[in-house]
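I opened this entry to look up the fold and the charged side-chain pairs. My notes follow the model.

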Amino acid sequence: MRELFLTLFYSGKSPIASGTMGSLVALVLGLPILYYGAETIFLLGLLVGVVAVRQIDIYEQNGGEHDDKSIVIDELVGLWLAMGIAGFSLIGIIGAFVFFRLYDIWKPSLIGKIDKEVKGGLGVVGDDALAGLLAGISTLIVVKFISIFLSPIL
């Protein structure tokens, strides 16, 4: 059961781009939740994050590799936080996904520092949670830019 949760229904076992596969599964699972409320998906992301930190700690204490590539529940946490901030719109959903993947792969600034220096489940989930928050804010900036500068043209 723990493996099912940590690998997000085994999407993390994908031999190619396990993080992106996990993010796609998280997106599909999150869309119906987001439809009913951005606050709901944001809070569920936080809840799953807390549970994930504990489950990853247990996994690592039992001999599991730190930040094992098959563990992608952290992608769900980050993406759901981004989606909760960005809201339910086509550009919001696409923006949250693209910015989250960008920040999760690139790991700029504090995201990379958390990834490298914080051990255990908090390190595994923490960098993705921060990437999700940054992705959500970045998406809001893009949406605002579009509404201010491009809507008179369209």
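**Fold and charge pairs**

Reading along the sequence, I get the pattern α-α-α-α-α-α-α for the protein chain. The radius of gyration is 15 Å, close to the 15 Å from the globule rule for 154 residues, so the chain is as compact as a globular protein of that length; the radius is taken over C-alpha atoms and the rule is 2.2 Å times the number of residues to the power 0.38. The secondary structure amounts to 7 helices and 0 strands, where helices (H or I, at least four residues) and strands (E, at least two) are DSSP runs numbered from the N terminus.

I note that this is a predicted model, in which local features need pLDDT of at least 70 and side-chain atom pairs pLDDT 80 or more, while totals for chains, interfaces and linings use all residues. Residues are numbered from 1 along each chain as its sequence is written, and side-chain values use heavy atoms, without hydrogens and water.

I looked up the overall extent: the C-alpha trace spans about 60 × 30 × 30 Å along its principal axes. Of the 154 residues, 46% are buried; buried means under 20% relative accessible area, exposed over 50%, and partly exposed in between (1.4 Å probe, protein chains only). Among contacts (heavy atoms within 4.5 Å) with a separation of 6 or more, 74% join residues 24 or more positions apart.

I then searched the whole structure for salt bridges and found 5. The criterion is a side-chain nitrogen of Lys or Arg within 4 Å of a carboxyl oxygen of Asp or Glu.

Glu3 pairs with Lys13 in one of them, with the closest N and O atoms 2.7 Å apart. Glu3 sits in helix H1 (residues 2–6) and Lys13 in the loop between H1 and helix H2 (18–36), so the bridge ties together parts 10 residues apart in sequence. Both ends are partly exposed: Glu3 has a relative accessible area of 39% and Lys13 has 45%.

Which residues are linked in a network of salt bridges? I list Glu75, Arg101, Asp104, Lys107 and Asp127. Within it, Asp104 meets Arg101 at 2.8 Å, N to O. These two lie 3 residues apart in helix H5 (residues 90–106), about one turn of the helix. Asp104 is buried at 7% relative accessible area, and Arg101 is buried at 11%. Asp104 also meets Lys107 in a salt bridge, at 3.2 Å, N to O. Lys107 is partly exposed, at 23%.
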